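Colleague: Before I set anything up on this one, could you walk me through the model at the level of helices, sheets and the ligand surroundings?

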Amino acid sequence: MIDLPHDRLMALFEISHRINRISDLQTLLNEILHSAISNIGAERGLIILTDEERESFHTVASQSLEDEDITFSKSIVQATLESGQTSLSQDIKSDVRFKDTDSVQELHILSFICVPLIIPETNRPLGTLYVDQRAGVKAFTQEDVAFLEAFANLAAIAIKNTSTMERIMNENIRLYREVEKKYEFPGVIGQSELMQKVFREAKQIMDDDCTVLLTGESGSGKEVIAKAIHYNGNRKAKPFLAINCGALPETLLEAELFGSVRGAFTGALDKQGLFQAAHGGTLFLDEIHHTSEVMQIKLLRVLQDKEIRRVGGTKSTKVDVRLICATNEDLQKAVQDKRFRQDFYYRMNVVTINIPPLRERHEDIPLLAQYFLEKYANEKKKSIRGFDRKALGALVKYDWSENNVRELENEIEHAVIFAKDSETIKLNDLSDKLKSSAPYTREAADLLTDEEGQPLTYDKFEKKYIQSVLSRVNGNKAKAAKIMGIPRSTLRGKLRKFGLGQ
Ligand SMILES: Nc1ncnc2c1ncn2[C@@H]1O[C@H](COP(=O)(O)OP(=O)(O)O)[C@@H](O)[C@H]1O
Ligand SMILES: [Mg+2]
């Protein structure tokens, strides 16, 4: 144990109290440095922290040191880190260790102490605490070293704890943002009136426990909305779990949902089901139309009794789970055709929210396209920022009826990978199906061909051309003639010839 006089022990005790209450790393480091300097009557000081491999060090706090002093003290720091031992020099100028160091004469340093900041359990130095005095002041003593070593032990623990805390907090904030970005309504893109209506409906039932049925074509965003409901509602702290009812054979789906008891069927294990795992949260049953009648009866029972029984089990367990179901089928029709149980249907669709197909909300396309562009450009470290007018026009015009938003997302991801220009996505970077639907090409092709796609005669072409120009300028003949580059009287003559009304 270090032999320290009473007043120094008291000082140590007091500082330790103070620094352990600081929760922000930078404030802590400044306070440690300040306490060290004032308690041993040093003039200047420096704290350097290093990484695990001791490859780099960073000055994290310094007081009164000039740049060239820092360079000099870094050589001392390095030696201290390597040896793990305190370094004291009472008179640098006569210190044999520095006789070859040119700068020592100019620095006017009389005496310094450099102690490693060591965490007791790992014995690994986190960094060092360095203090010095310039000429004309009394040199440091062994007692100063003892004090500073004891102090450094306290400081190392406080630094470790605070930086761990800070890292965890930052990680938490990052994760929170991530979740928020993804699942908060603002992260779900939709400016169109149709999507705004979806958001309003979703907000209304967010905090309720009622079962929700989400309908909409494949890729239209049913799962996105289900997550938005969960992560904004009062169940957000509990799990959101999803399963595709069409992806598993009946027995496995049942075991997956309700859990199983070992040996209940070939290969069955003692396993908790999704209903239990989602307790307190939300379970998303995708493609609910794929469930069998027997399964629908079982699900209906869970909705009524709020308890489940594992496959092969005898005991019932209470579960509190909100169900959100999704389908791209017309369930009402399935009920009429007796392909879906009516009782379950009514129980399930207390609230139905329909997600409209993308082709009915073209105004969302530019926003979605930009959103996916940024997402993939970031992910793939590309500098692409936007679309040129033709490319965006083609995206907006396309009908996306195969896979809706998912199809748009794939298109953009593909374009980001293969774009030839590093800044913008051009029509040529889009897939063939998009190119042929581009507004101007379609219009141009229409102009040259009849309904069967056959080339037009010159007369028919001219008539179609005039009609097309007129429709662009809302029938304004003066403007049309100007675009065509012919006198107005000539245009009037042609209109008469083709019997195009006045
Ligand atoms: N409104 C939206 N805003 C942002 N991304 C969306 C939106 N709608 C759908 N997506 C994205 O499109 C893809 C398909 O959405 P998803 O919810 O899985 O569709 P569905 O469940 O209807 O098949 C997902 O990658 C999803 O992130
Ligand atoms: Mg889906």
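Predicted model: local features only at pLDDT ≥ 70, side-chain atom pairs only at ≥ 80, totals over all residues.

Modeller: Residues are numbered from 1 along each chain as its sequence is written, and chains are lettered from A and ligands numbered from 1 in the order in which they are written.

Colleague: OK, what angle and axis distance do α6 and α7 have?

Modeller: Helix α6, residues 193–205, packs against α7 at about 40°, and the axes are 9 Å apart. The axes are lines fitted to C-alpha atoms, for helices over the stretch in contact, with angles from 0 to 180 degrees between N-to-C directions. Helices (H or I, at least four residues) and strands (E, at least two) are DSSP runs, numbered from the N terminus.

Colleague: And how do α13 and α15 cross?

Modeller: The axes of α13, which spans residues 365–379, and α15 come within 9 Å and cross at roughly 45°, and that makes α13 oblique to α15 as well.

Colleague: Which helices supply the shell around ligand 1?

Modeller: Both α7 (222–232) and α15 (404–418) contribute at least two residues each to that shell. There are 14 residues around ligand 1, and those that come nearest are I189, G221, K222, E223 and V405, where a residue is near if its C-beta atom, placed from the backbone, lies within 6 Å.

Colleague: Which domains does the shell draw on?

Modeller: Domain 2 and domain 3 each give at least three residues to the shell around ligand 1. The protein chain is divided into domain 1 (6–168), domain 2 (190–356), domain 3 (359–436) and domain 4 (449–497), with bounds from an automatic or database domain assignment. The C-alpha centres of domain 2 and domain 4 lie 58 Å apart.

Colleague: Switching to sheets: what is the order of the parallel one?

Modeller: The parallel sheet is open and has five strands in the order β7-β10-β13-β6-β14. Its edges are β7 (240–244) and β14 (351–354), each with a single partner strand, so one side of each has no neighbour in the sheet. From one strand to the next, the twist averages 20°.

Colleague: What holds β6 to its partners there?

Modeller: Strand β6, residues 212–215, is joined to β14 by four bridges, and β6 also pairs with β13 (residues 322–327) in the parallel sense over four bridges; two strands pair if DSSP finds at least two bridges between them. On the β14 side, V212 stands opposite V351 and T215 opposite N354, whereas L213 faces C325 in β13.

Colleague: And what about the antiparallel sheet, which strands stand at its edges?

Modeller: That sheet is also open, with five strands in the order β2-β1-β5-β4-β3. The edge strands are β2 (57–63) and β3 (87–89), each with a single partner strand, so one side of each is left without a neighbour in the sheet. Neighbouring strands are turned by 15° against each other on average, direction ignored.

Colleague: How many bridges join β4 to β5?

Modeller: Nine bridges join β4 (residues 109–118) to β5 (residues 125–134), and the two run antiparallel, with C114 standing opposite Y130 in β5.

Methods: Parallel < 35°, antiparallel > 145°, perpendicular 65-115°, else oblique.
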